[in-house]
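Open your viewer and get ready to click along. Each stop below tells you what to select next and what you will find there.

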Protein chains: 2
Amino acid sequence: MHIGIVGLGLIGGSLALDWRRGGHRITGVSRSETTIAIAGERGVIDQGGTAVSLLAGCDVVVLCVPLDRLVPMAAAVCPHLQPDAILTDVGSVKAPLVEAIMPLWSGFIGGHPMAGTAEQGIQAAQSQLFRQRPYVLTPTAQTQPQQLAQLQTLVEELGAQVLLCDPHVHDRAVAWISHLPIWVSAALLGAVRQESDPEIIALAQQLVSSGWRDTTRVGGGNPELGVCLAHYNREHLLRGLYQYRQELDQVIAMIEQQDMTALTTYLQKSQRTRTQFEDRHQTQEQDNNHI
Amino acid sequence: MHIGIVGLGLIGGSLALDWRRGGHRITGVSRSETTIAIAGERGVIDQGGTAVSLLAGCDVVVLCVPLDRLVPMAAAVCPHLQPDAILTDVGSVKAPLVEAIMPLWSGFIGGHPMAGTAEQGIQAAQSQLFRQRPYVLTPTAQTQPQQLAQLQTLVEELGAQVLLCDPHVHDRAVAWISHLPIWVSAALLGAVRQESDPEIIALAQQLVSSGWRDTTRVGGGNPELGVCLAHYNREHLLRGLYQYRQELDQVIAMIEQQDMTALTTYLQKSQRTRTQFEDRHQTQEQDNNHI
C-alpha cells in the first residue's frame, strides 16, 4: 500500500519505519525540510516534502501532528486525497476530533496508539514501538467496513493489539487512567509549592525518594500536552476531577475522625484496585521484555 | 562498639550487616527464633535471641520494629540498658516518638534512614543499603553532644548522608514528600473505582501505561504502613491535605473556566517544582548506580 505520514516525530516516524520495512511505500510530509532529509537518510520514508499535495496518490494517510493541529491539518489534506483514501490520526482524544473531521472526510477513522518513550522527534523513531501495545481505533456508524478492515490489518502488521471502541468510550477511559493522573499529580506539586518555611522545603528536597518521584512524574511533564488534553477531553476530565474531590474529602474526613479501621479498608481497596488495573499491563510489559 | 538491633527485618538486618562488617559486635533481638537463626547463618549478627535482656551490655541499641510497636518496645528495652547506652530507632515519624520515648530514656535520639527496597524481612537484608542515602537524626535540647557524635559516626560508617533536624521539622517535610503522596495516590484509585460502566472499566484496564502505574504506586502499597503514618503524622498530613484540596479546587476552576493560559502557567510551575525536588536526588541515584 501507499501510506502517507503527516508529521514525522516519534510516533509518525516509528509507524513509517515499521510499515516501510513491511513492504509498504511511504510518503512523508513535514513542516521541516531537515526532518524530511533525516527521515530519508534513516530509511524511514521513500519520498517526502513539505507539501500536502504529495499525498495525492496515497491509499492511507495518517495524521501524526499534535492534538491542536489535527483538525486544521485534516482540512488542508482532504482536498488532495483520492476518493477512497482512508484518513486516520494518532491523537490522545477521539470524540471531538472524529466529530470535526468526519464531515470533512467520511473515510476518517480515529486512532490512538498507546505507545511512546520519553524521547521526541524523528531521531527518536524506532522499529517495533507498537509491538504488543494497545492501538485503539474508533469507527462510527458511517465507517465503511472494508476501510476499517484495511486499517485494522495495517495496525496488526505493527504487532499492536487492536481495540475497537466508540470515540466517547475511549475518551472516558483515558480520562481516568491518563488525563486525571496528570492533574492529580500537578496539584501535589502545587500544594508542596505553598510551603512557606524554607527549612522545611530544603529538608523535603533532600529527602525525596521514589514515592515522590513516581507520584509527581506526570504532573511535572510537558505543559502543552497536559493543557491540550484538558481542553479536548474537558467534560470527561472534569467528571473524573469531581469524583476525585469526593474521594479526597472522604479521606480527609477519615483522618480527621481518626477512623483507622475505615482508613485501613480504604487502602486495602486501593491495593486491590491497583492489582486489577495492573495484571494485564504487567503481562504485556513482560512480553515486551522478551522480544 | 557493641550494638543491639531489635527487629531483624530489611532495615535492622541491613544495619547489622554493615556495622558487623565494619568490626562492631552485633546482638540481634527478634520475636522469631527462625529469624535469629537465619541472621546467624547469614553473618548478620554475632549473637541473639528473643529476650530483650540480651541488650544489657550494648553501647547502642537500635529499635527497628514497626512504627506502632516502637514505644512499647522502648519501654520493654529500657530497664535492661546500661546507664550511658544510646537508644535510637528507624521510624518514619519522629516527634510523637521522641516525645514518648525521651521520658523513658534521656539517651534516646530519633533516627530515620531514607532507604528501602520493595522486599521485606531478614532475607532481604543487604549491605550498603544506606550508602549515599539521607539518614535523619533528630536530637533535642536534652541530647548529650557526645552521644549524638557517637551515633553520627556510626551512621557515617554506613556511607549515609547524616541530616540533623528538629523532630517536628522532619515530620513536616516527610508529610509533604512521603505521606501526602500516599493519600493523593489512593484517592485516584478510589475515584476510578467509582466508575460504574463496565465497558469503560474494561477498556481503561487495557489502556493503562506507565503514567497510571507511577501515579498509583504508593496509594496501592502496604495499607498498614499508610494508616500508621496517617495516625502518627496526622496533624502535618492534614495540613498537607487541606492545601492539596485548595490546589485541586483551583485546577478544577481553571478547567471549568477553560482558562488555558492559567492552566499552562500552572503546569509550567509544576514542571519547575519537580525539577527543584529532583536534581539532588537524581545525582544520588546516579551515584548509587555507579557503586
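This is a predicted model: local features need pLDDT of at least 70, side-chain atom pairs count only at pLDDT 80 or more; totals for chains, interfaces and linings use all residues.

**Stop 1: a bridge between chains**

Select B:R239 and A:E195 and show their side chains. They meet in a salt bridge, with N and O 3.3 Å apart. Where does each partner sit? B:R239 belongs to helix α10 of chain B, residues 234–256, while A:E195 is in the loop between α6 (167–193) and α7 (198–207) of chain A, so this pair joins two chains. Now colour the two by accessibility. B:R239 is partly exposed, at 38% relative accessible area, whereas A:E195 is buried, at 6%.

**Stop 2: along the loop**

Next, select A:D197 and B:R172. Their closest N and O atoms are 3.8 Å apart, and the two residues form a salt bridge. This pair also crosses between chains: A:D197 is in the loop between α6 and α7 of chain A, and B:R172 is in helix α6 (residues 167–193) of chain B. A:D197 is partly exposed, with a relative accessible area of 23%.

**Stop 3: the whole interface**

Zoom out and select the residues where chain B and chain A touch. How many residues does each chain bring to the contact? Chain B brings 93 and chain A brings 94. About 9500 Å² of area is buried between the two chains, and carbon and sulfur atoms give 66% of it.

On the side of chain B that touches chain A, α6(B) gives the most, with 20 residues. The residues on that side of chain B divide into 45 nonpolar, 27 polar and 21 charged.

**Stop 4: a bridge within chain A**

Over all chains, the structure has 16 salt bridges. For another one, select A:D89 and A:K94, whose side chains meet with N and O 3.0 Å apart.

**Stop 5: the cysteines**

Finally, a different kind of link. A disulfide is a covalent bond between the sulfur atoms of two cysteines. How many disulfides does the structure hold over all chains? The count is 0.

Select A:C78 to see one reason. The closest cysteine sulfur to its own is in A:C58, 13 Å away, which is too far for a bond. A:C78 counts as buried, at 8% relative accessibility. Then move to B:C58: its sulfur is 12 Å from the closest cysteine sulfur, in B:C64, again too far for a bond. B:C58 is buried too, with a relative accessible area of 0%.

How values were computed: Residues are numbered from 1 along each chain as its sequence is written. Chains are lettered from A and ligands numbered from 1 in the order in which they are written. Side-chain values use heavy atoms; hydrogens and water are left out. A salt bridge is a side-chain nitrogen of Lys or Arg within 4 Å of a carboxyl oxygen of Asp or Glu. Helices (H or I, at least four residues) and strands (E, at least two) are DSSP runs, numbered from the N terminus. Buried means under 20% relative accessible area, exposed over 50%, partly exposed in between (1.4 Å probe, protein chains only). Contact means heavy atoms within 4.5 Å. Buried area is the accessible area (1.4 Å probe) that two parts lose on being put together, summed over both. Ala, Val, Leu, Ile, Met, Phe, Trp, Tyr, Cys and Pro count as nonpolar, Asp, Glu, Lys and Arg as charged, and the others, Gly among them, as polar. A disulfide is a pair of cysteine sulfur atoms within 2.5 Å.
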